[in-house]
Amino acid sequence: MNKDNIRNFCIIAHIDHGKSTLADRILELTETVALRDMENQLLDNMDIERERGITIKARAVRLKYHADNGEDYIFNLIDTPGHVDFNYEVSRSLAACEGAILIVDASQGIEAQTLANTYLAIEHDLEVLPVVNKIDLPGADPDRACNEIENVIGIPAMDAPRISAKMGINIREVLERVITDIPAPKGDDDEPLKALIFDSYYDPYKGVIIYCRVKEGQLKAGDTIRLMATGAEFQTVEVGYMGATDLIPVGELHAGEVGYIAASIKDIGDTSVGDTVTNAERPCAEPLEGYKKVNPMVYSGIYPADGAKYPDLRDALEKLMLNDASLSFEPETSVALGFGFRCGFLGLLHMEIIQERLEREYNLDLITTAPSVIYKVNLTDGSTVYIDNPTNYPEPALIAGAEEPVVNAHIYTPPEFVGNIMELCQDRRGTFKDMKYLDENRVDLHYILPLNEIVYDFFDALKSRTRGYASFDYELKGYEPSKLVKLDVLLNGETVDALSFIVHVDKAYARGRKIVERLKENIPRQLFEVPVQAAIGGKIIARETIKALRKDVLAKCYGGDITRKKKLLEKQKEGKKRMRQLGSVSVPQEAFMSVLKLDE
Amino acid sequence: MIYDSSVYVHIPFCERKCGYCSFYSAPSDEKTRTAYAKALCRSIETYRTMHLECPSVYFGGGTPTVMENESLISVLSKIKNVFELDDDTEITIEANPKTVDIRKLTELREAGFNRISFGVQSLIDEELAALGRIHTAEDALAAVNDALKAGFDNISCDMMIGIPKQSTGSMLYTADRLSELPISHISAYMLSVESGTPFYEMGVDTDDDVQANMYLDLCERLAENGFEHYEISNFARDGRVSKHNTRYWKREYYLGFGASAHSFFDHERRSCDDDTQQYIMRQTQQDTVNEVFPDELEEYIMLGLRLSEGILFNGLRMYGASEETVSEIRKKAEELAGYGLCRVTEKNISLTDSGFLGSNAVIGEFLNLC
């Protein structure tokens, strides 16, 4: 097909503003999916995504559209995640597109994250097409939303399509505007092949499947490709495009198109997202500009509940890393938990998603440690160390000073919640910078916040204090000196390394108190009394006692019926399997998890 | 070659079901009871050709004494006829104090029953009422007296720990009053509220810590009163332990007859469905085999530790434990001894009273090493 009749675009929207619903409507309208195959939110095909109503991974689909001008068009729609943790995924999607549909909720207006992603799109030279959604809602005020787009982002929006994705209103207008507003891709079929990898995953039958955007040249099955970052070469087995539910093989992929490559690639390490694919016999001179490497901000230890599953966990992490380059991991060992991995994440949601995917898709039972940020510790000998694992935190005597990462945080909120949010930020050791009215109904609150105060449960706290109306975005600002201490947890007098964490000295007592309470609630009574203590450098700051299990007896085995007794012991054995033995104390998995969410 | 087995007979009838009871029993009329006795005799008859010696017989329930003497005696006669009993054979019947009188007891004694176990539970009337028992403290004392007169010299009484409204003092009162009687045996069970019982529906609450303290107090008091604590819930004077129940803990064979009765025989653990009508209709007892060749080591530990004599290291070896396992078990026992839960000697491991209280968990610790 003529390049002029191709449009590559993505959709930018805040969580719940209707991105996946609009994508579904577009799929219906272009009859890409037979109606019987239609499931709500088809693009979000991970279970977790459907359940949480969010998009985690970028996903792509090719659509055929018969326009009002009588011509047929090919649309490549690339879905993007909306959450702050997944900025990196967003920029991957953007690099494969010429334009972006910006969805704004007619009743809510622009949210912090939408703004961040829109700026990303503008940085990538994408044409932004604003769309006002949910006009069917009683509280909808499309004019205000359009004004806000013009005032806040600075792009014309008064003629933006006003739609209801849910009700299917004005969807066709959006598609027509895609044709008129978003430019067709450029590129020359005769140039050497240059294709950008924007996603990949492992298929047990075909090996690694590469999703790419062909920028220059063309590619067909049988061609030998070279991945420019590693120099690895493979013979292409199949090329094609992404149907809504299946991969559809085609003869060749041309400049301007979005498609997939299967080349029997077995080693997932060979393909990295952001790399350039070229033809081995006629390579291009320069690779495309890749993505800037994102650095994990939050670290946590992940351990298999069953120690024997360690190799399975490694395997699963490797496979996940293939299409989630933002995930990093390296082996670590814990006295309490055995062999596991210290994993780096972009944020807390990213961490939760990875854990859930490991558990669901790879059927692993996990124990995770409290998330930690990277602390910068200046030692008395003049050297500096970076600590992402509390276990490695130096002895207080060796520390000249410690620094912790802080972020620039922007919170968008209706004015009535400003007081609540300020209180929250204050409580989280935030420093107020400024407050701007975006319009009479929306305020932008700017705070400097320590990262370790938001990795736990800041989102949840913010949502509950603003009835869900506030949105939040942050970027790393740098390091600032801080009074930090390492808080240890002792069970029956012994330190449990996996439960140690770094905390600001002013918060240590409260946190210590809470942790020992939580552990007391979550560790079952043992045959003897177990003290649970929190300590800073050997000084106990909080204590609870798990009382000894006094009575656990089956007094009567009537008439020689010992089956109940046996069942009981079986159950006990099963339960024991889910426990970690720390010295003589059996600790259930839940106890480790319970200290992660202290403010619930 | 199997040469002996005890016999258990289950009589699943009660005048009224107690609020805490989770065992199988059903209301009945005389016709049903007679038919049930006949069915029991049929089942017992099937063992005739085996010529098994029988060291103990136990009629349990339900309330066996709600059944007419004629039926009870016909079943016992059948047992005597089919199995080989001798003068030492312990023949026990459970009884509710309200369902017996001197005439009934005399007949039973004459028919061969030589041990009787009364469900006394408490000697405080409010506590008996709270349990939903049909008898009073006076009924209980009278029944024991009648049994003595009828010629029973081996009498056991059940009492309960943790009855609603019971205090440590009132529990010890019951224990002392029972000890004053010329009885040889006391069984003391902690009230547990099982789902499906009226107590459970009523939301009766038991406090484990309170019960634990009461249990320890009771063990101490019964020891003072001359009773040997020979099994988690059982205390005997003058060496008169329940032979029958002890066989359960020692993994010796017993054949159970009647609805919901359990057997351990010829390396099989079997049970009969808890359906009285079906039991009567069938020509022979049809047991479900629950386990064939059960794990001997596991059972030895689990059952042996219920007894105050405990388990022998040589016993563990005999049931297949490796030297490594034996030494791990010894190490664990020594650790638990440090918490006062068991005693370890060169030869054996046994549980203390606190160990009995936590016996599920303690036994679990050992089983995890097997």
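Me: Two residues are in contact if their C-beta atoms, placed from the backbone, lie within 7 Å; on that basis, how many residues of chain B are in contact with chain A?

Reply: On that basis 36 residues of chain B are in contact with 24 residues of chain A. Helix α15 (residues 359-367) of chain B gives seven residues, the largest share of the side of chain B that touches chain A; helices (H or I, at least four residues) and strands (E, at least two) are DSSP runs numbered from the N terminus. This is a predicted model, in which local features need pLDDT of at least 70 and side-chain atom pairs count only at pLDDT 80 or more, whereas totals for chains, interfaces and linings use all residues. Residues are numbered from 1 along each chain as its sequence is written, while chains are lettered from A and ligands numbered from 1 in the order in which they are written.

Me: What makes Pro97(B) count as buried?

Reply: A residue is buried if 20 or more other C-beta atoms lie within 10 Å of its own, exposed if 12 or fewer, and partly exposed in between. Pro97(B) has 26 C-beta neighbours inside 10 Å and therefore counts as buried, although its place is in the loop between β3 (90-95) and α3 (102-111) of chain B. Apart from neighbours within four places in sequence, Pro97(B) is in contact with Phe118(B), Val120(B), His135(B), Asp139(B), Ala140(B) and Ala143(B). Between Pro97(B) and Phe118(B) there are 6.4 Å in space, C-alpha to C-alpha, for a separation of 21 residues in sequence. In chain B as a whole, 47% of the 370 residues count as buried.

Me: Asn170(A) and Asn363(A) both lie in loops; why is Asn170(A) called partly exposed, and why is Asn363(A) called exposed?

Reply: Asn170(A), with 17 C-beta neighbours inside 10 Å, falls between the two limits and so counts as partly exposed. Asn363(A) has 10 such neighbours and therefore counts as exposed. The loop that holds Asn170(A) runs between α5 (142-153) and α6 (171-181) of chain A, and the loop that holds Asn363(A) runs between α8 (348-361) and β19 (366-368) of chain A. Neither residue is a glycine, yet phi is positive, about 65° in Asn170(A) and near 55° in Asn363(A).

Me: How do you know that α9(A) is roughly antiparallel to α11(A)?

Reply: Helix α9 (residues 418-427) and helix α11 (residues 458-465) of chain A pack at an angle of about 155°, with their axes 9 Å apart; axes are lines fitted to C-alpha atoms, for helices over the stretch in contact, and angles run from 0 to 180 degrees between N-to-C directions. Angles under 35 degrees count as roughly parallel, over 145 as roughly antiparallel, 65 to 115 as roughly perpendicular and the rest as oblique, so α9(A) is roughly antiparallel to α11(A). In this contact Asn420(A), Ile421(A) and Leu424(A) of α9(A) meet Ala461(A), Leu462(A) and Arg465(A) of α11(A), a set of four nonpolar residues, one polar and one charged.

Me: Why are β10 and β12 of chain A placed at the edges of their sheet?

Reply: The open sheet has eight antiparallel strands in the order β10-β9-β15-β6-β7-β14-β11-β12 (chain A), and two strands pair if DSSP finds at least two bridges between them. β10 (233-235) and β12 (247-250) of chain A each have a single partner strand, so one side of each lacks a neighbour in the sheet. Neighbouring strands here are turned by 40° against each other on average, direction ignored. Within the sheet, β6 (residues 194-203) and β7 (residues 207-216) of chain A run antiparallel and are joined by nine bridges, with Ser200(A) opposite Ile210(A) in β7(A).

Me: Which residues of helix α11 of chain B are buried, and what covers them?

Reply: In helix α11 (residues 296-304) of chain B, the buried residues are Leu297(B), Tyr300(B), Ile301(B), Met302(B) and Gly304(B). Their cover includes α13 (563-577) of chain A, as well as α9 (243-249), β13, α12 (313-318) and α15 of chain B.

Terms used
Ala, Val, Leu, Ile, Met, Phe, Trp, Tyr, Cys and Pro count as nonpolar, Asp, Glu, Lys and Arg as charged, and the others, Gly among them, as polar.
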